[in-house]
Amino acid sequence: MNETAPKRRSFLTSSLAIKIGAVLAIALSLLIAWSIYLVRDKLLTNANDMGSSLAASYAAEEENRTSMYGLLMNMVASSLNHALENGEDTQAYESLLRQYDTNIEDSLGVNIIDPYAVIDGRIVTGDSWRGDPDYNYAASPWYAEAIAADGHVVFTDAYTDAITGEELITLAVKLEGDGNVLAFDILLENYHTHRNRASLPQGSSYFLYDESGTLIYTASGADVDDAQTASWAEDLRTAVLGGELEGHLSTISDPSGITNGVYYSEMSNGWLSVITIPIKDILQDGWDTAIVTLAVICLALFILVIAIIIRGYLDSRKMQHTEDTLKILGDTFYAIYRIDYDAGTYETIKSSPDVREGLGQSGLYSHMLAMIGNVVEKRTFDAFEQSFSLENIRKLAAEGIEEFGGDYRRRFPDGYKWVNIRLIYNRDLGLNEVAMCFREVDA
């Protein structure tokens, strides 16, 4: 009995050690497996954050792109409305469209926009109308939407042009007068001539859909006319809108069998910006045996997100800097008016308080001169009236003089002060207008 007890105790001790060792081994294995899972989950989470931020960045650039096209349209519409108010003829409208077509092409560096208008029931373009003479523009979505929007720029979904058979998008805005509309046609193949500035991760794809589901643009390099690719793109959109791809663990397989994470952002006009990133590019092959590699990738994804945020911050600061500069320039003058020297009218952009009520928003230039005559020093008004008469302004414009002006004394509520007046003319704009600007100067 005395000899077997120590042996039994020894056996029990060894068994306990084995059990403890097994438990520790299992615990260590589970800890490693759990660590690997956490690393993988963290990578997918970071990829989701990065992809969502990138999709939002692309969507923001698309918003900026549409805003730019809308701004260009409003500029052209303003000139056409001015011509309509003056009762110009068709040749004048054609000349304006031709000039803006050239200017827009020079600004963008490529011919992206095809401008035309419906004026007095006729299609007016910068060149000869080559379409169907029986073309029913009134039945076109862009025309009806523009009339309904009443002065707001509208964007159609992509559609097939009834005349050319090409896929395009149309921007449109209602003009002054009954049934007058300005339109810009942009072919889908030209819509992204200027690519997005944000860079896609290697192996990733980008898809842009309009509200109706048409694939406007893809950066995947795939042929959108290929039936298989087009079908998968439609399945991708359906899965996104159906909520099947929410969360960082959701994936979808492309036609090549590659599993992708999907990240998306919806634009204010209903368009959808979608980015896909292959999971193998996020995790790298052999992630379960290379935690360090995964950590590096995780760090890289984090840095990429920070870079996107920094870029957005810098772009925002640059935009704000430009706006501040324009405000500084505008604040230099206490009064600014636009003078139409052909029509003999003025439009108030900014006015001094003592004449603001008398001048109003617009009127005849003769009324403006009369108002100025009440505050300009009497002994100098005759010279002032002669220098800034409509006849002299027309003469200066005809001679191509871009800036003209001088100093005179003007009565303010607190007494007379020296004021500088400048006439500014830009022949390249093709407008029969000058800007008249006033500012106080030192004695």
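**Reading the cavities**

Tutor: Let us begin with composition: by class, the lining of the second largest cavity comprises eight nonpolar, no polar and two charged residues. Please bear in mind that the model is predicted.

Student: Which residues line the second largest cavity?

Tutor: The lining consists of Ile 393, Leu 396, Ala 397, Ile 401, Glu 402, Glu 403, Phe 404, Leu 423, Tyr 425 and Val 434. The space inside is about 50 Å³.

Student: Which element gives the largest share of that lining?

Tutor: Helix H11 (390–398) does, with three residues. Both H11 and E15 supply at least two residues each.

Student: How many cavities of 30 Å³ or more are there?

Tutor: A cavity is space where a 1.4 Å probe fits but cannot get out. By this rule, the count is three cavities of 30 Å³ or more. The largest cavity holds about 110 Å³ of space. Its lining has 13 residues, of which Tyr 337, Val 355, Ile 372, Arg 410 and Phe 438 are the closest to the centre.

Student: How do the lining residues of the largest cavity divide by class, and what number is charged?

Tutor: Eleven are nonpolar, one is polar and one is charged.

Methods:
Residues are numbered from 1 along each chain as its sequence is written. This is a predicted model: local features need pLDDT of at least 70, side-chain atom pairs count only at pLDDT 80 or more; totals for chains, interfaces and linings use all residues. Side-chain values use heavy atoms; hydrogens and water are left out. On a 1 Å grid over the protein atoms alone, a cavity is a set of points where a 1.4 Å probe fits but cannot get out, and a pocket is an open set with protein on both sides within 12 Å along at least five of seven lines; lining residues have an atom within 4 Å of a point. Grid points are joined across faces, edges and corners, and a volume is the space filled by probe spheres set on the points. Ala, Val, Leu, Ile, Met, Phe, Trp, Tyr, Cys and Pro count as nonpolar, Asp, Glu, Lys and Arg as charged, and the others, Gly among them, as polar. Helices (H or I, at least four residues) and strands (E, at least two) are DSSP runs, numbered from the N terminus.
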